[in-house]
Number of protein chains: 2
Amino acid sequence: MQSVKIGILGLGTVGSGTVNVLTRNSREISRRAGRDIEIYRAADRDLDKPKGCDTSAINLTDDAFDIINDPEIQIVVELIGGTGVAKELVIKAIENGKHVVTANKALIAIHGNELFELAQEKGVTISFEAAVAGGIPIIKAMREGLAGNRIEWLAGIINGTGNFILTEMREKGRDFADVLAEAQALGYAEADPTFDIEGIDAAHKLTIMASIAFGIPLQFDKCYTEGISRIAQEDVLNANELGYRIKHLGIAKKTTAGVELRVHPTLIPQRRLLANVNGVMNAVVVKGDAVGPTLYYGAGAGSEATASAVVADIVDIVRALTTDPENRVPHLAFQPDALKDTPILPMSEVVTSYYLRIHTLDKPGVLADITRILSNEGINIEAILQKQPEEHEGMVPIIMLTQAVVEKNMDQAIAQIEALDTVPDSIMRIRMESLGG
Amino acid sequence: MQSVKIGILGLGTVGSGTVNVLTRNSREISRRAGRDIEIYRAADRDLDKPKGCDTSAINLTDDAFDIINDPEIQIVVELIGGTGVAKELVIKAIENGKHVVTANKALIAIHGNELFELAQEKGVTISFEAAVAGGIPIIKAMREGLAGNRIEWLAGIINGTGNFILTEMREKGRDFADVLAEAQALGYAEADPTFDIEGIDAAHKLTIMASIAFGIPLQFDKCYTEGISRIAQEDVLNANELGYRIKHLGIAKKTTAGVELRVHPTLIPQRRLLANVNGVMNAVVVKGDAVGPTLYYGAGAGSEATASAVVADIVDIVRALTTDPENRVPHLAFQPDALKDTPILPMSEVVTSYYLRIHTLDKPGVLADITRILSNEGINIEAILQKQPEEHEGMVPIIMLTQAVVEKNMDQAIAQIEALDTVPDSIMRIRMESLGG
């Protein structure tokens, strides 16, 4: 049978990894796909820069449009990233009738709806397993492996840099800023680490997973996003003492009122498998109504781990080349005409329990004032931990775990507590999830 | 579009779960599959016995051949189990041009090669996600999600009963026999628990996973199988003390000499995620050369968890109904003409490190005798733990962890140590795996 010709756009970290994996494992891959896959052409805007792969057998170009317009190429692999030229190239590739494989989470999260519509129209597939959680086949698991389930919620550690920082803070008692500097030196975090630590990268991935889980359009702009830069060493220790760990989670949950879509630091019980995912590793828990909780774990980034997902997508497309487009696996798991507009809940309507850290002056009656305010807002206290006054400061940290309450009530309670004369600092509030049943 | 008609053979635990899931989630499933799936007929040999599902809308029969021979039915779902009539029915269904979905691990592990060959010939698919690790989409993950990888090894907790017993022994200090009796009372273990605790059930599943991972024919008869019934409470405690946990693992590994295929109790480091999979839950670690280690966790048994996998397979087949058979995902991940006959290594050729528990008489020179024998066989000791003499017995337990050595050398060393006058009991030997990189 004739080989399938692919063109790769971008020979950076993931592009080089893809070339390396396709080359090294070509025999296994052909045996699985039933056809040879040929890297027919590759484009990189700077061909003089050394690459992380052997390009001697590849027809190179510095103009990606050469590939998009090459009638020999059936699959375009977009590994440029970003929403600028990458978007333009993907649209043109689809218009030219080519299937697209991409690792571009921002592109899918922000422009996926229009891209999928166009692909549908043209009878081609856009595959994006590599856009979420690197090498973990989480898109495939949700879209196909759990196809019999009504997915109730999912929660994932989907940013390796953030998890590395929180792991180091807990295991070695280090400060946020200190670990962040190391992560940057190690190359985990970008020079501008905002995307990682403020949760934007995780929000891109969560947006994509939520659409696949619930069959809703991509709505990145409605994702609540809160980073980990305010987490203090004392919060990490307090959580530990109470039997929890702090993880930066992306959480999507279907409730009767709508879909929750939120990225924020979260206390989860220590005994959960997800609480024991450490370092740069990623993991996602998916709860289906039939299967119960399932978990998927692996490397969420890196050259070959991400390439693993890219190649799996290529093999999938090769296997389905002769399939009637109507019968291919739908981009967002559900047939597009069936996607319905379930509302995304604003954060103020989300119900969770909370960890509160309140620094109070060491005066009588403070605790009574706080508990009265909470009680008035219908907030029940689950556990309380009153620490010794901090040295040199005369401040008493009060740690509370609350029962579940709607966030707007908690906002009101916090505003009232912060207005107390005896509470000079702002309150640290971290949401909690049991991740149970 | 016309609905796809399926026929279900067997309305026991999994059959009822499948009816329940298909009925409850019919809207979601249709949205995913792009077509309605209709339970057209179901067969059960005892129609008078109450079922775990509503059968009022289903055309029932007590003769499974009615379904196999019904020209309206495109997909036969075999949930009878065993290798007797189930095999006959599956063969006839394939001959009649029907696709088959089965949860039958014994059937696939023992007769899969001939069934797949027949299916290939007839242009139909046999899907068997539910045969391994219940609702965890592990077959799909390996066969499709990791298609770019050369899989190096996999290791799994793939029998919930065994894992429940080992978890209870560790967490509650209970004895094997005691927990087994409870597992039987709870319905986890069969009245004859041999299949679970002696590792035969796990060996069926491991055989299937190994074929998919490495592209080799199914060779259940060559799988080494050792149960957990000899694990004593003291072994569980010793392992803990040394930083390990004992898990009943199915392990498949590709080495230059051949494929290792083995089910046995195994010490693994406590910090591994797999070591923290407790109770009846299942999990499988798969190590690919590109992706690194990945882990898949979930319920390995149960009515709806297993049904989740059955329904996913049905949806997959529905999605691919129009695909040219040549381009469907191959049964064992690799195109059948490419399956090559890599030898399965006999256990004596397998290299692992070991935990040894030796009960010795409390006499001088015993330890020196033992270490001399080990040294003569080229076995290096990694750690040693000499316990206080046991009460009433005057016996001293010596616990050793060794470095990696080929099993036949360990067999020889153990025979020599057991021949010592100072070692009256047989030695407990448990293999160890680091499960690292």
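Visitor: How many residues of chain B are in contact with chain A?
Guide: 61 residues of chain B are in contact with 61 residues of chain A. The model is predicted. Contact here takes heavy atoms within 4.5 Å.

Visitor: What area is buried between chain B and chain A?
Guide: About 5,300 Å². Carbon and sulfur atoms give 50% of that area. B:Arg31, B:Arg32 and B:Arg319 supply 16% of the area that chain B buries against chain A. That is more than any other three residues.

Visitor: What makes B:Arg24 and A:Asp289 a salt bridge?
Guide: Their closest N and O atoms are 3.0 Å apart. The cut-off is 4 Å, between a side-chain nitrogen of Lys or Arg and a carboxyl oxygen of Asp or Glu, so the pair qualifies. The count between chain B and chain A is six salt bridges. The interface also holds 28 residue pairs in polar contact, both residues being at pLDDT 80 or more.

Visitor: Which element of chain B gives the largest share of the side that touches chain A?
Guide: α12(B), with nine residues. Other elements supply at least two residues each, including α1 (13-24), α2 (26-33) and β12 (292-299) of chain B. The residues of this side divide into 31 nonpolar, 15 polar and 15 charged.

Visitor: What makes β12(A) and β12(B) a pair of strands?
Guide: Three bridges join β12(A), residues 292-299, to β12(B). The rule asks for at least two bridges, so they pair. The sense is antiparallel. A:Tyr296 stands opposite B:Tyr296.

Visitor: Why is strand β10 of chain A called mostly covered?
Guide: Eleven of its eleven residues, 259-269, are buried. A residue counts as buried under 20% relative accessible area.

Visitor: Which strands pair with β10(A)?
Guide: β8(A), residues 224-225, runs parallel to β10(A) and is joined to it by two bridges. There A:Tyr224 stands opposite A:Arg262. β9(A), residues 244-254, is antiparallel to β10(A) over eleven bridges. A:Lys254 faces A:Val259 in that pairing. β17(A), residues 428-432, pairs with β10(A) in the parallel sense over two bridges. A:Leu267 is opposite A:Met432 there.

Visitor: What lies between β9(A) and β10(A)?
Guide: Four residues, and the two strands form a hairpin. In the turn, A:Gly258 has a positive phi of about 160 degrees.

Visitor: How do you know whether B:Leu345 is buried or exposed?
Guide: Its relative accessible area is 13%. The limit is 20%, so B:Leu345 is buried. The residue is found in the loop between α12 and β13 (351-361) of chain B. Leaving aside neighbours within four places in sequence, B:Leu345 is in contact with B:Thr255, B:Ala257, B:Gly258, B:Val259 and B:Glu260.

Visitor: What makes A:Arg429 and A:Glu407 a salt bridge?
Guide: N to O is 3.7 Å. The cut-off is 4 Å, so the pair counts. A:Arg429 lies in strand β17(A) and A:Glu407 in helix α14(A), residues 407-418, so the pair ties together parts that are 22 residues apart in sequence.

Visitor: Are these two residues buried or exposed, and what are the values for A:Arg429 and A:Glu407?
Guide: A:Arg429 has a relative accessible area of 18%. For A:Glu407 the value is 4%. Both values are under 20%, so both residues are buried.

Visitor: Which salt bridges of chain B join buried residues?
Guide: B:Glu260 and B:Arg262 form one of them, at 2.8 Å from N to O. Both are buried. B:Arg429 and B:Glu407 form another, at 3.7 Å. These two are buried as well.

Visitor: Which residues are linked in a network of salt bridges?
Guide: A:Lys140, A:Glu144, A:Asp316, B:Lys140, B:Glu144 and B:Asp316. Over all chains, the structure holds 58 salt bridges.

How values were computed. Residues are numbered from 1 along each chain as its sequence is written. Chains are lettered from A and ligands numbered from 1 in the order in which they are written. This is a predicted model: local features need pLDDT of at least 70, side-chain atom pairs count only at pLDDT 80 or more; totals for chains, interfaces and linings use all residues. Side-chain values use heavy atoms; hydrogens and water are left out. Buried area is the accessible area (1.4 Å probe) that two parts lose on being put together, summed over both. A polar contact is a pair of N or O atoms within 3.5 Å; within protein, one must be able to donate a hydrogen and the other to accept it, and residues adjacent in sequence count only if both atoms are side-chain atoms. Ala, Val, Leu, Ile, Met, Phe, Trp, Tyr, Cys and Pro count as nonpolar, Asp, Glu, Lys and Arg as charged, and the others, Gly among them, as polar. Buried means under 20% relative accessible area, exposed over 50%, partly exposed in between (1.4 Å probe, protein chains only).
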